[in-house]
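Work through these exercises with the structure in view. Try each task before reading its solution.

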Amino acid sequence: MEHGKSIDNKINIANAKHFWSYLLSIKTYIFTVLVCGLCCVGYVTIRYNYLFGLAFGLLPLGVCAALAGLQRPKVVFYALFTLNYFIMGIGRYSMGSSFPFGTLIDIIIGYMALVLIIQRIFFREYLKWKNLNNRFSLLSFVWLLYTFFQLFNPSSVTAAWASAFRGIAFYMFAVAVIAPIVINRFKDFTTIMFIWSVFTVLAVLKALIQKFVGFDFAESYWLFALGGKLTHIIDYGIRYFSFFTDAANFGAAMAMSMTVFSICALFVKWKLKVWFIFVSILAFYGMLISGTRAALAVPFVGYTILVFLSKKPKTIITFSCSILVLFVFLNYTHLGSGNVLVRRMRSALNANDPSMIVRYNNQAKLKVYMDDKPFGVGLGLGGVKALRYTPYSYVASIPTDSWYVMLWVETGIVGLVLNLLIMFYILGYGAYQVLFRLKNPLLRGLNIALIGGCSGMVVASYANEILGQFPNGIIIYTSMAMIFMSPIFDKELSETKELS
């Protein structure tokens, strides 16, 4: 027995030594990899800048996330939604870098397409491909085709077309195709809404830091070295922009968030109600400190949509009176004019405002030039951004200052009318579903919120080019995709209720 125990002990000792030697070899391997990785990160940081070093250091995490995305495609869409919200803020901290950070969105969309193809081949029952059979996908494809053929416009410049094509048409089509396939349950819809609300809070917090703490080095560089102060540090004060491209973009985004989440708060349960009210109040303050006058159109239009679609007498009376009182307060009184924020908002309703007169004059000049160009001058060649490609062209010397004026110049009256018809159809379809088809009250409420928010942004885009900018464009297109998915969500909720 003792001899047997001795043999067992020797075996155990040998196994232990083997285990520790194996562990040591793994430790050595991990240590070597880490040292080499740190050296590479250090080299990239020194050779380029700290942002590239950070990106390189996070590469292994990105690889793991990419592999995980193959199994859960909706996580990739959440990543796209997230990166879309912060991409311009990330780009601001890469001062001096020529890297086009917007292409990261293209990379994720391309990866998403690859994931969907793999899922289609190996896991055919996992995704809802039949959800692609909706009119939003079709309409976005029609718009994609029209803008694609702009490449053959006689005055088109390929580089300008490639730069503008993504924001004007490609992202709309990509979201219209991807979102219905992967965001195919009501739970996914509510997850997107909650993520959006969290991002809104983060955006306002960043603006509050700018206001009460000050601008950091990258923001100061953008303001004082790149000329941002010309439009953001003006007579009445500072326009805060958070991590957005500019204050106009930030203000419009906060106006949409305020409108959407305040309407959502009317329909959700009390825990979410408190959260959405909190988000709405923060977003309202963010809209105010942005100093963006056009943003005021978003809640006006959004709450008007609520009045027409809610079917609740109490809601109709409350919001009708609120809209009327606010309009009278801003347009027919001088109360609060001592406050610069109120004065700034009041000027949005003044048709004789100097900046509005300048815009009208610019549009009159463009009208004469565009009379014989029904298909426009080509994507990317409208407004001052065209100076990069056609510095001596007439339209490059005139700011467009509007999403629709920009579409008119670049795609012609034909493109402008086509785009407006698509937008009106999408919002009209949503209104029809709310009024006559959707049965679940929560789903109806969420749809009213999205229709109101999107309608407000469509109207506000007359004053600023906000529909094609990060993050507003993809947020609006995701909202439209969810509007067209609502009949499917309604059926899911109805079946769940019957089973419970």
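Predicted model: local features only at pLDDT ≥ 70, side-chain atom pairs only at ≥ 80, totals over all residues.

**Exercise 1.** Describe helix H11: its span, its burial and the contact at its start.

Solution. Start with the span. H11 covers residues 247-264, 18 residues in total. From first C-alpha to last it reaches 25 Å, close to the expected 26 Å. Now the burial. Of its 18 residues, 18 are buried, so H11 is largely enclosed by the rest of the structure. Last, the start of the helix. There a side-chain oxygen of Asp 246 comes within 3.1 Å of the backbone nitrogen of Ala 248.

**Exercise 2.** Determine whether Thr 478 is buried or exposed, and list what it touches.

Solution. Thr 478 sits in helix H19, residues 472-499. Its relative accessibility is 2%. Buried means under 20%, so Thr 478 is buried. A polar atom of its side chain lies 2.7 Å from the backbone oxygen of Ile 474. Leaving out residues up to four places away in sequence, Thr 478 touches Phe 77, Phe 81, Val 175 and Ile 192.

Conventions. Residues numbered from 1 in each chain as written. Heavy atoms only, no water. Helix = DSSP H or I, 4+ residues; strand = E, 2+ residues; numbered from the N terminus. Expected span 1.5 Å × (residues − 1). Buried < 20%, exposed > 50% of the residue type's maximum accessible area, 1.4 Å probe, protein only. Polar contact = N/O pair within 3.5 Å; in protein donor to acceptor, adjacent residues only side chain to side chain. Contact = heavy atoms within 4.5 Å.
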